[in-house]
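Trainee: I have not seen this structure before. Please take me through it with questions and answers.

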Amino acid sequence: MDRLKCKASIQITLEDDINISDSRPDALKLIMDRGNVVIEEVRVTDDHVGVKGRLKVHLLYLAEGQKAKVSAMEGEIPFDEQIYMEGVRNGDGVSVSWEIEDLSTGLINSRKFSAQSVLLLKTVCEEICDEETAIDISGTEPVEFRRKSLSIASMAMKKKDIFRMKEEVEIPGSFPNIFSMIWWEVEPTEVEFKMLDDKISVQGEIRAFFLYTGEGEEEEICHYETVLPFAGSLGCDGAREGMIPEIRYLAETKEVVVRPDFDGEERVITFELCLNMDICAYEEEQVDILSDVYGVVQETSVQEKDALFRSYMGRSNGKMKLSGHFKAPEGEQIGKILHTCAKLQITDTSLVENGIEIGGTVSLQVLYESSAQQNRFGMIKQELPFRHMLEAEGIGKDCVYPLQTELEQIAVSIIDTDEIDVKCVLFFHTNLYRQWQEKIVEQITTCELDSEKMDSLPGIAIYVVRDGDSLWDIGKRYYVPISVIKQTNELTSDEVKTGDRILIMRSV
């Protein structure tokens with residue numbers, strides 16, 4: 001089974017000024033930004049984890065000039081943080097995840113931008129453990145024992161892997177040839193994983209947006225947006241159909257290249273997308289463990305210990321619709337929506353009766369072309385808060401629920417020259433696990449029966465069953481095998497009711 005050893009998180013603020021490279025034109029107005037984090041090094045020492053990396057900031061801006069054009073650039077802010085993580089030891093494997101909670105950029109002058117970001121770093125140390133427990137007894141002396149059946153979600157595999165996709169897009173014939181690529185965004189969405197024999201099925205969609213300068217004297221700014229379905233499989237030794245996948249991924253676009261089509265015109269865009277996958281898979285297993293023992297001709301002592309187990313309860317899915325109206329910056333008019341990018345962020349979760357209460361925000365950036373000035377672009381940057389109750393029957397404080405969320409659909413329409421309407425669909429899903437402690441038999445020792453104790457017990461007795469009693473309790477109390485009690489009382493099952501009279505005849 002897997003077990004959380006320790007975890008920690010830290011919120012850091014990064015701030016720096018970014019100079020525009022000499023090869024880029026002067027900036028007039030900032031249009032759009034996005035951030036990405038690259039983790040370069042993870043250093044694990046006793047009770048501490050060092051994380052070194054870079055925040056990469058990509059900027060799209062309106063260039064100065066009589067006929068305004070758009071340009072793009074990128075900069076980076078390095079960081080090296082020491083995170084206190086009690087319980088971690090040198091040599092432990094620690095995974096690091098990140099989340100950009102806020103990114104703000106501003107224009108200082110025509111050659112310099114400022115960038116400020118709040119970055120959340122999360123570190124997790126998990127360990128794989130085997131739990132040994134007694135399942136049977138063998139010996140020459142008669143001993144009574146019983147078993148308990150447990151349904152356990154045991155870990156079948158835990159590994160990291162990369163799923164690579166190489167796709168290409170040919171722009172429609174009504175679009176001009178590509179002279180130079182300015183800005184692009186390639187994101188996977190609605191990604192689904194399924195465990196098959198020795199492989200993992202992967203399918204979903206890719207949302208791609210490209211902003212480019214067209215060929216010709218006018219050097220027209222063009223945009224093209226499309227959705228591509230994809231499907232494939234990743235080889236995975238030991239995978240079996242029916243396993244419960246618990247897979248998280250981080251998407252990374254390696255390269256975007258423009259190449260000529262069959263006619264030699266620059267119209268084909270190729271890109272490679274990688275899903276860096278953290279793969280866990282569980283398997284439901286029925287285990288019969290030894291739960292109690294008592295002796296008949298010898299005194300039996302049972303040594304127990306607590307063990308942590310996890311069982312699979314099922315899967316919970318939910319969707320919600322979210323909408324809002326937003327205005328463009330004062331004095332600007334919206335002519336055409338070009339592109340919308342959005343990021344879903346969970347801020348809090350809490351358990352309610354038969355469900356999980358989820359709160360968060362959807363951060364939006366809407367790129368539009370102004371109707372008032374040709375080839376001038378603008379951006380609306382807003383947030384949509386939400387709250388949703390994901391139904392999860394039977395969930396309680398003893399449950400584990402690794403929540404995953406996704407922005408499934410988004411649509412933006414123009415209401416007026418300065419106002420837009422945003423509609424989106426959010427998708428929530430989680431596997432539910434119940435986690436509990438079970439006492440398991442670790443060791444059994446025997447010794448001679450206590451003669452005084454045995455002399456105090458009657459050789460023949462009539463026992464009146466009390467509320468909560470079982471044949472096991474009665475047999476253990478009088479050192480009599482269950483089979484003897486059933487035979488003496490002509491019982492066909494182990495069931496007894498309150499008030500029943502049971503004849504006890506001891507043979508020892």
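**Charges, fold and rings**

Mentor: The protein has 55 positive and 94 negative side chains, with the centres of the two sets 1 Å apart. Lys and Arg count as positive and Asp and Glu as negative, while His and the chain ends are not counted; each charge is placed at NZ of Lys, CZ of Arg, CG of Asp or CD of Glu. This is a predicted model, in which local features need pLDDT of at least 70 and side-chain atom pairs count only at pLDDT 80 or more, whereas totals for chains, interfaces and linings use all residues. Residues are numbered from 1 along each chain as its sequence is written, and side-chain values use heavy atoms, leaving out hydrogens and water.

Trainee: How many helices and strands does the protein have?

Mentor: Helices (H or I, at least four residues) and strands (E, at least two) are DSSP runs, numbered from the N terminus. Counted this way, the protein has three helices and 21 strands.

Trainee: What radius of gyration does the protein have?

Mentor: The radius is taken over C-alpha atoms, and the globule rule is 2.2 Å times the number of residues to the power 0.38. The C-alpha atoms fill a box of roughly 110 × 45 × 45 Å along the principal axes. A compact globule of 508 residues would be near 23 Å, but the protein has 33 Å.

Trainee: Is Ile269 buried or exposed?

Mentor: Ile269 belongs to strand S12 (residues 266-295). Leaving aside neighbours within four places in sequence, its contacts (heavy atoms within 4.5 Å) include Val169, Ile171, Met181 and Phe210. Buried means under 20% relative accessible area, exposed over 50% and partly exposed in between, with a 1.4 Å probe and protein chains only. Because its relative accessible area is 0%, Ile269 is buried.

Trainee: What is the relative accessible area of Glu419?

Mentor: Glu419 sits in strand S19 (residues 419-447). Beyond its neighbours within four places in sequence, it touches His325, Phe326, Lys327, Ile334 and Ile414. Glu419 is classed as buried, and its relative accessible area is 19%.

Trainee: Where does Asp198 lie, and what is its phi?

Mentor: Most residues other than glycine have a negative phi. Asp198 lies in the loop between strand S8 (178-196) and strand S9 (199-214), and is partly exposed at 44%. Although it is not a glycine, Asp198 has a positive phi of about 60°.

Trainee: What is the phi of Glu490?

Mentor: Glu490 is in the loop between helix H3 (482-488) and strand S21 (501-505). Its relative accessible area is 72%, so Glu490 is exposed. It is not a glycine either, yet its phi is positive, about 55°.

Trainee: How many aromatic pairs are there?

Mentor: Rings of Phe, Tyr and Trp (its six-membered ring) pair if their centres lie within 6.5 Å; planes under 30 degrees apart count as stacked, over 60 as edge-to-face and the rest as tilted. By this rule the count is ten.

Trainee: Why is the pair of Tyr312 and Tyr433 called tilted?

Mentor: Tyr312 lies in strand S13 (residues 299-327) and Tyr433 in strand S19, so the pair ties together parts 121 residues apart in sequence. Tyr312 is partly exposed at 23%, whereas Tyr433 is buried at 1%. The ring centres are 5.8 Å apart and the planes stand at 55°, so the pair is tilted.
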